[in-house]
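Please read them beside the model.

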Amino acid sequence: MSQGRASRRRFTLLAAPAAAAALALTLSACGTGNQTSGGGDTNFVTGNGGISTVAKGERVDAPRLDGESLDGEKLDVADYKGKVVVLNVWGSWCAPCRLESKYFTKVAKETKDQGVQFVGINTRDPERAQAINFEKDFGVTYPSFYDRAGKLLLRFPKGTLKLQSIPSTVVIDREGKLAARFVGPLDDTRLREMLDPLIAEK
């Protein structure tokens with residue numbers, strides 16, 4: 001075997017695992033990275049299941065989130081003060097967002113009478129119609145911001161979210177503070193693991 005052919009074979013053998021790893025990352029989240037940035041002053045600690053939480057006495061205020069809904073109505077998270085607010089960042093173009101949407105719809109219905117409000121942040125959809133059709137197709141009944149350029153995401157403190165990590169979910173406690181987050185798609189079991197402790201807080 002010539003030296004050139006041997007080099008190409010070694011490169012192919014080394015590249016195959018890397019390609020598989022890259023594919024796995026692409027399937028697990030729509031963004032170019034599925035890890036949150038570290039640091040910042042948000043005090044998140046990541047547990048074994050990948051859910052990051054903040055102890056009650058160490059939480060920081062959530063940013064002001066206001067703007068327009070997909071329907072063009074005014075939407076302001078401050079109106080839900082006193083409730084546990086689940087913020088889910090999604091796009092109609094994102095395959096994992098489609099997979100998790102049924103779980104979010106299910107848990108939103110289950111927890112509505114427990115003082116929980118779900119709010120979506122739709123981003124990178126060039127037209128509202130695409131996002132509206134997504135919600136109709138998947139039976140999403142809670143409101144979503146239309147945040148095409150990701151401006152609302154930039155309001156979060158460093159260490160909370162990364163713009164390229166979609167889907168992502170952040171939970172705000174009843175006092176309006178950042179309490180939990182997860183980067184990537186969630187099913188109903190993981191979502192409840194994230195949410196139930198905050199519902200139980202007094």
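1. Y142 is buried, with a relative accessible area of 10%. Buried means under 20% relative accessible area, and exposed over 50% (1.4 Å probe, protein chains only). F118 is buried as well, at 2%.

2. The model is predicted: local features need pLDDT of at least 70, side-chain atom pairs count only at pLDDT 80 or more, and totals for chains, interfaces and linings use all residues. Residues are numbered from 1 along each chain as its sequence is written, and side-chain values use heavy atoms, with hydrogens and water left out.

3. The whole structure holds 4 aromatic pairs. Rings of Phe, Tyr and Trp (its six-membered ring) pair if their centres lie within 6.5 Å; planes under 30 degrees apart are stacked, over 60 edge-to-face, the rest tilted. F104 and F118 are edge-to-face, because their centres are 6.0 Å apart and their planes stand at 85 degrees. F104 sits in helix α2 (residues 95-111) and F118 in strand β6 (residues 116-123), so this pair ties together parts 14 residues apart in sequence. Helices (H or I, at least four residues) and strands (E, at least two) are DSSP runs, numbered from the N terminus.

4. F118 also pairs with Y142. This pair is tilted, at 5.5 Å centre to centre and 40 degrees between the planes. Y142 lies in the loop between α3 (128-138) and β7 (144-147), 24 residues from F118.

5. Which residues of α3 are buried? They are A131, F134 and E135.
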